Amino acid sequence: MATGGEAPESWYLALLGFAEHFRTSSPPKIRLCVHCLQAVFQFKPPQRVEARTHLQLGSVLYHHTKNSELARNHLEKAWFISQHLSQFEDVKFEAASLLSELYCQQNLVDSAKPLLRKAIQISQQTPYWHCRLLFQLAQLHTLEKDLVSACDLLGVGAEYARVVGSEYTRALFLLSKGMLLLMERKLQEVHPLLTLCGQIVENWQGNPIQKESLRVFFLVLQVTHYLDAGQVKSVKPCLKQLQQCIQTISTLHDDEILPSNPADLFHWLPKEHMCVLVYLVTVMHSMQAGYLEKAQKYTDKALMQLEKLKMLDCSPILSSFQVILLEHIIMCRLVTGHKATALQEISQVCQLCQQSPRLFSNHAAQLHTLLGLYCISVNCMDNAEAQFTTALRLTTHQELWTFIVTNLASVYIREGNRHNELYNLLERINPDHNFPVSSHCLRAAAFYIRGLLSFFQGRYNEAKRFLRETLKMSNAEDLNRLTACSLVLLGHIFYVLGNHRESNNMVVPAMQLASKIPDMSVQLWSSALLKDLNKACGNTIDAHEAAQMHQNFSQQLLQDHIAACSLPEHNLISWTDGPPPVQIQAQNGPTTSLASLL
């Protein structure tokens, strides 16, 4: 503990030993630990001992008690005293790092920033701390949604890491910057940066786990970039590499040998967290591609792993992973005809968001979007409109905004009397020109919405043009659900036009694809069409079989509809303002129309 030739005082070592004993007891005896550390000040210790004791007290109080004011007081003293001491980097910069963390927790961000800047300025001769503090300030800017400042800091960090000879940490800084550029949709800057990262990762020869974790980070960015662009087929080679990579990591043993370069002392994520993240992007891919049973399988695995991790680790990233997984599986449930389960999972997301204001602010728009989708599934169109309007007010994310607008347009089409609002919306998501995002999937969906409107207006040739465009785009990227929806709608158009053969050519593959997904609404629609088609063609046995299928799907959906609307959580459809309601009151049975199902 003593430096510069000072002999450690026996009283100090004794008190420190007692404090550590109490801190590590099971359960920890924090009050006694704090008493021992406070007793150090009775001996009027030298400044180095005083500063270190303030840091230890601040750390114990911050991590183990709710007395944040006292913790802050000790950390401020540790930071103030240690600044005037030479060769005392660990205490100095740990105090700065912890104190700025505590400031952020107390919403004193304007105190945290200058503190971190000062620490960064004086830590340039200490590579580990300099890099760590740069990451910390970049994270603070990111949480404040100031991604430009965060990117600048990460760029500074990457250059510093290069100068001190740490290619590993340089890659971490650059990949983090790439992640923020993707969030900002600065795709022109992302491509060269990811290319450079790929080269650095491949050329770096170091600890195998660190190398593979860099590769996972790099591939996760590539996969999410493709998925954001709605390119479900193009992403497959990258996703396969990512899955192989996480399997490799799980077979490697953690190497206890510390890196020779102190700037390399960083980990991106623990192995277990990376594993959940790979499950998560696999679920995202399966959802977009319409492999819903696969999405369900990977969600179950990921949630099981998350439950185990959350028993030992209260890291906020785990709750974020859990919410994103639930958001995707809720969409799957609504498609597969499990509305009651979807509603209970929406309620679960609400509960998770109640526990964390930051989680709620990041996911409020998605929550209202999911409620809007649920409202459509139970034919509560007024509520659907209110939910989507709320979601639009809460989001700045262009892809999510476009997704919401597309679904709101479908609500207006079904209502049939909202022409002005509908045309205003459709102008903003015109797939033929100035489409607001680069997503292949969303653009294909916009063509489908145009086709749906033209169908309802009886403009069948125009509808066919839009739907063929959807089919061309969805086939190019294996967007199975859009393909199934377009085929069945085309089949319906040909049926109305009296072209039974062409209608059959559309409806049969639509039914096969819908069964594979499985998409209950498209199966219901297809079976109704097959019944009418076979009846019109005089195929009595086939018509009877299709009628039986239609009856089965109707019954399943009806039972699920009644179950969902009977749940107390159904009242969430009325929530459009403020934080999620804590208590959800039960109501007497379903009050919604079933017309949309039959």
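Figure 1. The model is predicted: local features need pLDDT of at least 70, side-chain atom pairs count only at pLDDT 80 or more, and totals for chains, interfaces and linings use all residues. Residues are numbered from 1 along each chain as its sequence is written, and side-chain values use heavy atoms, without hydrogens and water.

**Figure 2. Overall fold and surface.** The chain has 26 helices and 0 strands; these are DSSP runs numbered from the N terminus, with helices being H or I of at least four residues and strands E of at least two. Its C-alpha atoms fill a box of roughly 100 × 55 × 45 Å along the principal axes.

**Figure 3. Domain 1 and domain 2.** The domain assignment, automatic or from a database, gives domain 1 as 18-123 and domain 2 as 124-205. Their C-alpha centres lie 28 Å apart. The contact (heavy atoms within 4.5 Å) takes 18 residues from domain 1 and 13 residues from domain 2.

**Figure 4. C441 and C485.** The structure holds 0 disulfides, a disulfide being a pair of cysteine sulfur atoms within 2.5 Å. The closest cysteine sulfur to that of C441 is in C485, 11 Å away and therefore too far for a bond. Both C441, with a relative accessible area of 19%, and C485, at 11%, are buried (under 20% relative accessible area; exposed is over 50% and partly exposed in between, with a 1.4 Å probe and protein chains only).

**Figure 5. Two cis peptide bonds.** The bond from S26 to P27 is cis, with omega near -5 degrees. P27 sits in the loop between α1 (10-24) and α2 (30-39). From I517 to P518 the bond is also cis, with omega near -10 degrees, and P518 belongs to the loop between α24 (500-516) and α25 (520-536).

**Figure 6. Asparagines with positive phi.** N379, not a glycine, has a positive phi of about 65 degrees and is placed in the loop between α17 (357-377) and α18 (381-394). For N434, phi is positive at about 55 degrees. The loop that holds N434 runs between α20 (419-428) and α21 (440-456), and N434 is exposed at 70% relative accessibility.
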